[in-house]
Amino acid sequence: MTDNITFRMSTEVEAARAANEALVALESTVIAHGLPHPQNLETARRLEELIRKEGAVPATIAILAGQLHVGLNEEQIRFIAEDTDIKKISVRDLPVAVAQKWNGATTVASTSWIAGRAGLKVFATGGIGGVHRGVLPDISADLPVLASTPIIVVCSGAKIVLDLPATREWLETHGVTVVGYQCDELPAFYSRSSGLGVDVRVDSASDVVEIYRAQQALGIKSALLVTVPVPEKFEVPAKALTSSLNEALDQAERQQIGGRDITPFLLSHMAQASGGSTLRANIALLENNARVAAQLARVLNDSVLQVRSSCFSDKV
Ligand code: PSU
Ligand code: MN
């Protein structure tokens, strides 16, 4: 049996595709497992609103009863945010989730995988996964999927809980171009600086789109990682986080927390230890990234439509 995958598009996404409108994919793990209730639901809705306000159409991606959903309605978003049995689905989990009709939230890896195959070109998230600290080699599936999916991923770098220099090296080795959007340094999630470089600083949406189009023309199959620092007002500098992060890492080791649980564990530990300031930073950067992604999606969409119309006029 070789059934092809089918996507369940929301009415809004379906209409946007028919009208050639700009689309922005959003992940759902951050909603189900990354943020506490009720901020998770508020943020999920707010990200969608911000994208619409910028003239693009949001497509939050999740698995519902084994179906790959591209775009969720109000009720489905609420379900992902509030149900207590939503699984965290990375790419290795997709076959099981589909076959066994699970409800699940998608990570950067599985969201990129689905968005890329559904024809979406831009995806906004908070921080990507990467190479974890510690002795055991634990590398998020986000990285290999980024290395093999030609999509623009807007994020604030990799999550601060990771080994950032090792993550940066991994991206370089696997040919993922890293753009600093209005910044010279790779952002470090809650913090604006990491001491690590980007491949190029770019100051406008149209310059990002030029690079993406060049990447497509070259036939390079990796993602274009567009990194945007957390807004200054909400930044929590890396230094201020050192002790709570070390404590969280210690506790995770003692409690033998690993695999898919480690990232949410570390993030929630830090939110508590910082009196909520990392949570506010997380929400602020998610919102900002959604806005930037919507602007990029629009510029990209306009440039594609322009090329199409000039092809038509060439023929006449
Ligand atoms: N960014 C956040 N919160 C999150 C995540 C990212 O602000 O919860 C999620 C993303 O979905 C990312 C995942 O793909 O954490 C990485 O988890 P892992 O290291 O298990 O691959
Ligand atoms: Mn892992």
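**Figure 1. Residue classes in the shell around ligand 1.** The shell around ligand 1 is made up of 8 polar, 4 charged and 4 nonpolar residues, as seen in this predicted model. In total 16 residues surround ligand 1, and the closest of them are Glu-27, Lys-88, Val-108, Ser-140 and Asp-142. Two helices, H2 (29-34) and H11 (262-273), each contribute at least two residues to this shell, and the largest share, 3 residues, is supplied by H2.

**Figure 2. Side-chain polar contacts to ligand 1.** In this view the side chain of Ser-140 places an N or O atom 2.7 Å from an oxygen atom of ligand 1, while Asp-142 has a polar side-chain atom that lies 2.7 Å from an oxygen atom of the ligand. Asn-282 also takes part, with an N or O atom of its side chain 3.1 Å from an oxygen atom of ligand 1. Taken alone, ligand 1 exposes 470 Å², and 94% of that area is buried by the protein.

**Figure 3. The largest pocket, in which ligand 1 sits.** Ligand 1 is placed in the largest pocket of the model, which holds about 520 Å³ of space. This pocket is lined by 31 residues, and those closest to its centre are Lys-88, Thr-107, Ser-140, Asp-142 and Thr-263. Both H2 and H11 give two or more residues to the lining. Divided by class, the lining of the largest pocket comprises 14 polar, 9 nonpolar and 8 charged residues.

**Figure 4. The second largest pocket.** A volume of about 410 Å³ is found for the second largest pocket, whose lining consists of 17 residues, with Arg-133, Gly-134, Glu-253, Ile-257 and Ile-262 nearest its centre. Helix H10 (238-254) and H11 are the elements that give two or more residues to this lining, and H10 provides the largest share, 4 residues. The lining of the second largest pocket contains 8 nonpolar, 5 polar and 4 charged residues.

**Figure 5. The largest cavity.** Rolling a probe the size of a water molecule over the atoms shows where empty space is left. For the whole structure, such a search finds 1 cavity of 30 Å³ or more, and about 60 Å³ of space lies in the largest cavity. Its lining is formed by Leu-26, Glu-27, Val-30, Ile-31, Ala-44, Leu-47, Thr-60, Ala-124, Thr-125 and Leu-286, with H2 and helix H3 (39-53) being the elements that give two or more residues. By class, the lining of the largest cavity has 7 nonpolar residues, 2 polar residues and 1 charged residue.

Figure 6. Most residues other than glycine have a negative phi, and most peptide bonds are trans. The peptide bond that joins His-37 and Pro-38 is cis, with omega at about 5°, and Pro-38 belongs to the loop between H2 and H3. Lys-101, a residue other than glycine, has a positive phi near 55°. Lys-101 is found in the loop that runs between helix H5 (94-99) and strand E6 (104-106).

How values were computed
Residues are numbered from 1 along each chain as its sequence is written. Chains are lettered from A and ligands numbered from 1 in the order in which they are written. This is a predicted model: local features need pLDDT of at least 70, side-chain atom pairs count only at pLDDT 80 or more; totals for chains, interfaces and linings use all residues. Side-chain values use heavy atoms; hydrogens and water are left out. A residue is near a molecule or strand if one of its heavy atoms lies within 4 Å of it. A polar contact is a pair of N or O atoms within 3.5 Å; within protein, one must be able to donate a hydrogen and the other to accept it, and residues adjacent in sequence count only if both atoms are side-chain atoms. Accessible areas come from the Shrake-Rupley method with a 1.4 Å probe; for residues, only the protein chains shown count as cover. On a 1 Å grid over the protein atoms alone, a cavity is a set of points where a 1.4 Å probe fits but cannot get out, and a pocket is an open set with protein on both sides within 12 Å along at least five of seven lines; lining residues have an atom within 4 Å of a point. A molecule sits in a cavity or pocket if more than half of its atoms lie within 2 Å of its grid points. Ala, Val, Leu, Ile, Met, Phe, Trp, Tyr, Cys and Pro count as nonpolar, Asp, Glu, Lys and Arg as charged, and the others, Gly among them, as polar. Grid points are joined across faces, edges and corners, and a volume is the space filled by probe spheres set on the points.
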